[in-house]
Amino acid sequence: MSPLYGHLRIHQIFGANTDVGKTIITAALVRASTLTNHNAFYLKPVSTGAPQDADDAHIKRYAGPHRHLLNTHCLFQYEDPVSPHLAVRMLSQRSGVESYAPSDETFVNAVAEHIRTCARTKEPGHMYIETAGGVHSPTLSGTTQLESYRALFLPTVLVGDSKLGGISSTISSYESLLLRGYIVDAIILFRDNYYRNYEYLSPYFAERGVHVTSLDPPPAQGNVDKDISTTESYYANLVPRSLDSEIFRAMRHLDERHARRIEELESMPRRTLDTIWWPFVQHGLVQSEKDVTAIDSAWADFFSVYDSSSEQSSHSLLTPRLDSSASWWTQVVGHADPLLALAAANAAGRYGHVMFPQATHLPALKLAERLVNEGPGVGWASRAFFTDNGSTGMEVALKMALRSFSFTEKELTRDDKKNLWIVGLKGSYHGDTIGAMDATEEGVYTCEWHQSKGFWFEPPTVSIKNGEFVVTVPSPISASTPSIQFDDLHSLYDVESRLSSPLADAYRTHVKNTLQALHQKGKRKLAALVLEPIVMGAGGMIFVDPLFQRVLVDVVRDKSLFDKPLPVIFDEVFVGLYRLGVKSFGPILGVHPDIAVYAKTLTGGLLPLSVTLASERVFQAFHSQSKVNALLHGHSYTAHAVGCQVANTALDIVEKLSQQDAWGSARGKWDRGARPESAVVWSFWDPSFVLSVSTLDIVDEAMTLGTVLVIKFKDDGAGYASHTAQGLLRSIDRPVSDDGALSSAPGGAPFGIHYRTLGSVAYFMTSLNTPQRTIEEVENRLWKTLSTTHVN
């Protein structure tokens, strides 16, 4: 992740093109740094061409009178003067021995490790890391430099192009950097008095708050190194001993930007405590600024977090922290994915935001068609309704369901319609808005206006206890059979095979008797069934027996009990679109809903957007010649093109991921011994690890599906208000070095684990492309922490 040191300013030098003078300008910056008595570190990660012509040799030669303060280094050297990815290939061809390009991970780790080595000097210094070619030139693996170096998030100096066409290439390079989140601290280019690009670029970038420096060009020679004396004179004039010139002003600007970034990070916690009101946080329990996580940037599965304890050491002020809640369950392909960023920029540039009622645009249309015809709506849905987030998506779903029910129940009075009830499960949660809250029972999330409008069954739950797969049955359903064991995960989720079991009969009897009793009381009309399939997230990561949910759907559609089947809503905001390893849980339950809601993972974790899918029967309940019968619900940013375009791109990425070896390998660990037709559920987490954790003294139960791992600790305390999980896991928040080995965090630095808890429950969540090595490191940290903790 991003290395940041108080005593060592680091800048990466990108070029707007090849042959724009990156090495000459970097040499001038190095010379200015040494003349001001700073240690200067120059790194050329990749060099191609003859060693005697290498850029680091030029830097050494013209370092000036304080060259003893200079340290230069090259990590990867190839003889052929071509693009790095070709240089690797040509080495293989010339030697006759297969030469493999270092992976992006190896490459980035090598750069980061060298930075850490230089930082250990503890003396004030400046470091310059010079890239090769232009911003999109490939690295050794073939990945473009912008993508490869982004993991390190180094502040950037862009060397502009002073030649014909250089205005365009400089602006294009700047925008490419900006789209990927880079900090561009300065643009430096030569002052060509014929093309005069600097005259145009200086005010252009001034309007955008970017500092531009123009310098006298080098001597007009084919190769400045042929005339060492002339070149030395050029550098002496460009970087005078008086310390007063454009290059020194540029250097001081870079120093100021570095200092300002650190000052911002230092002040953020205090300013946040003074200004921000956080969601789901009791501010009275936030004791100091150290309790505030100041995030400087994010990449893949990690945050770069400010660490105030590093201020007086040679360690980076920023440390990697694994985002183990997937940023509240939203991340799909990791943070700052460049494809998603480009999709957002493209839609913003083409549409901005446009009105949607009785209008359409391609991003929304394609997303709706995809979700209805190919996605979770295939086989049952006919319409897609766009909203802003999961909670508002559920508000719409409830309106759809209640209207659909009212449409079929012609005899309902106005008062009857105002008092319709839903059927759900205890522990459910469908969002923060008032209507969605009313579809849940009274609990910690509800507010003063909350008015429960329904009946909630206590659900049987699924877990792994002491290494066994167990369904725990509440006593109202079966007092004589409190739990049932299963051989494996697959037999538990093989709902069709379980429908003829005695437990299924017990479920049916309980549900029918309960609903009949409610019907006979006659006080309220039951109008819809609302379920979070498989897992109730915010209610405590409760894994519900899928057989019970299937029985619920079957019963509310049973004409012997209901004249008209109740509309069924699947709240798949959390569980849908592969969060738990499958696209939708309708096929596993063996039934389709009438309405379903998707959000969170829909846009890959980049933007808020929700889609509510509905069947044709539900849609027809609103269809008439009167506007007052329409679904009069909407938001200003309904179907915003940026979110829809990003969602389409995210779904493309996920579909490709689902076919890759990493998923197959994870599936294989859970499929052993299972019948092929029943092997539909799986997890990225290792089965041996999960089973072992469930046997620990302090653990009540564990469970996993897809990206999600849940550990419930033994606790006699206060449910959601409990701090048990938070206390037991506090140590994993801090980075731990494992015998000096490089971690899986970008750059290889030790990382902490940022986690969330729900009372006595801790949960951990990966992205859909989290490397297996990262998951294993988390498993090892959890095991070391929990296996050495004992019950008091």
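The model is predicted, so local features need pLDDT of at least 70 and side-chain atom pairs count only at pLDDT 80 or more, while totals for chains, interfaces and linings use all residues. Residues are numbered from 1 along each chain as its sequence is written, and side-chain values use heavy atoms, with hydrogens and water left out.

**Helix 3**

- The buried residues of helix 3 are Pro84, Ala87, Val88 and Ser92, buried meaning under 20% relative accessible area, exposed over 50% and partly exposed in between, with a 1.4 Å probe and protein chains only.
- The buried residues of helix 3 pack against strand 2 (39-48) and strand 3 (70-78), where contact means heavy atoms within 4.5 Å; helices (H or I, at least four residues) and strands (E, at least two) are DSSP runs, numbered from the N terminus.
- Gly96, whose phi is positive and near 75°, follows helix 3.

**Leu91**

- Leu91 is placed in helix 3 (residues 84-95), and counts as partly exposed because its relative accessibility is 29%.
- Not counting residues up to four places away in sequence, Leu91 touches Tyr78, Asp80 and Ser99.
- From C-alpha to C-alpha, Leu91 and Glu79 are 8.1 Å apart in space, although 12 residues apart in sequence.

**Leu164**

- Leu164 lies in the loop between strand 5 (156-159) and helix 6 (166-179), and is exposed, with a relative accessible area of 69%.
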